[in-house]
Amino acid sequence: MAGERGHFGTRLGFILAAAGSAVGLGNVWKFPYLAGENGGAVFLFIYLGFILTIGLSVMLAEFAIGRRAQRNPVGAFKALKGGPWVAVGGMGVFCGFIILSFYSVVGGWTVAYAVKSATGLLANGDAKALGNAFGGFIGDPVEPLIYHALFMAVTMAVVAKGVHGGIERVCRVLMPVLFVLLVVLCIRSVTLPGAGAGIAFFLEPDFSKVNGAMVTAALGQAFFSLSLGMGAMITYGSYLSAKVSLPGAALWVTSLDTLIAVMAGFMILPAVFAFGFDPGAGPGLTFITLPAVFSQIPGGAFFGTLFFVLLAVAALTSAFSLIEVVVAYLVDERGIRRFQAAMGAGFVIFILGIPSSLSFGVWSSYTVAGKNFFDIMDYLASNLMLPAGGIFISLFAGWVAFPKLMEAGEGGIEKSFRLARIWQAICRYVAPVAIAWTLINGL
Ligand code: TRP
């Protein structure tokens, strides 16, 4: 069976694909607006704490489970233990539907903004007008849905053909370009007149402001940004051959993802203050702030277009990993052909995304506890299901499958992994307790 599955060509190819999954809208769109809503620096520091203590270990656990089992999340839990653990994989597959449904809506926004930047949106440099333009766009009942459909269509087409080959090559070229553009935009943002207040907001924590909801949001964001808790990294690990060092790969992917989130913070938050926007503006923050930054640099229309194209590509590489969990499950466990699986799952996800898109316009008045449909999907997946998945994945790696995961030569973690005992202790105690405590506090 393992022979029929595709495999990543090289260690670098795997790291790039996993980093491609991790780096996406979570870093550039979600992290800055969550930091803006949740006290800036406080959020940053709690987030970094979760990445170091929990994120890194859960990522290693997912890679190890996937490579050892060579299966999708459901099949992996079945193969390594079975029983009720299989439900953890099942929840992951379910999460793939939920997350991609709203992720694709925002992915569509980035595609739309690439088009709009190229066709004159940025010519009007007035920050307030740019803010209103965004509100008008996402509130429209039709236009964002067309881009949502386009985003899903590309995702389905690529995943229908199999994850590797093309993607590895595309990421290798485009992601470094995105990185360079991020650096340039950070520099522009922090040197804007009035940016100082934003830098202080992002770097000087006021720990008296900490509350349960904020800590839950930081934990949820750590899982979301690293693509953890639903088996995406189990699935990618399953396409890995025994040669690659898993702890090294986990460290690389985690570091890259964190670096890019922090850079996105420096790109957005100082500019938010410089232009007098509200840091708590929510999901639109990046999309109202960035065009204002572009209107302040020479060749803004060109760089704006390029940036949104690259961000759309980064979003696509994340979307592939989300739908791949569902597709791998349908292919491995249900014997459905890859093409049919990708088309079927993609269609359901597209439909599920429609109410999320409409919740910024015609359906914005349907709310529960102040949350619209989009917010509820995001909250359920990111703040509840991913951390819950993280608890079970940690417990499974630490208590149930640890000996199997460590078996050298069988696709396990190499014997020479000196921190194995510490990793096991984190999986057994630290991560489950910290996550459970955070979840309970947040409610
Ligand atoms: N991590 C991606 C981002 O930051 C989103 C993503 C891809 C994801 N795969 C995932 C989130 C699996 C949770 C689980 O944009």
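**Ground rules.** The model is predicted, with local features needing pLDDT of at least 70 and side-chain atom pairs counting only at pLDDT 80 or more, while totals for chains, interfaces and linings use all residues. Residues are numbered from 1 along each chain as its sequence is written, and side-chain values use heavy atoms, without hydrogens and water.

**Confidence.** I looked up pLDDT (the predictor's confidence in each residue, from 0 to 100). The protein has a mean of 92, and 95% of its residues reach 70 or more.

**Neighbours.** I found 17 residues around the ligand, counting a residue if one of its heavy atoms lies within 4 Å. A22, G26, Y103, F224 and S227 come nearest.

**Polar contacts.** I looked for pairs of N or O atoms within 3.5 Å. One oxygen atom of the ligand is 2.8 Å from a polar backbone atom of G26. For Y103, a polar side-chain atom lies 2.5 Å from a ligand oxygen atom. A ligand nitrogen atom is 3.0 Å from an N or O atom in the S321 side chain.

**Burial.** Taken alone, the ligand exposes 360 Å², and the protein buries 100% of that; the areas come from the Shrake-Rupley method with a 1.4 Å probe.

Terms used: A polar contact is a pair of N or O atoms within 3.5 Å; within protein, one must be able to donate a hydrogen and the other to accept it, and residues adjacent in sequence count only if both atoms are side-chain atoms.
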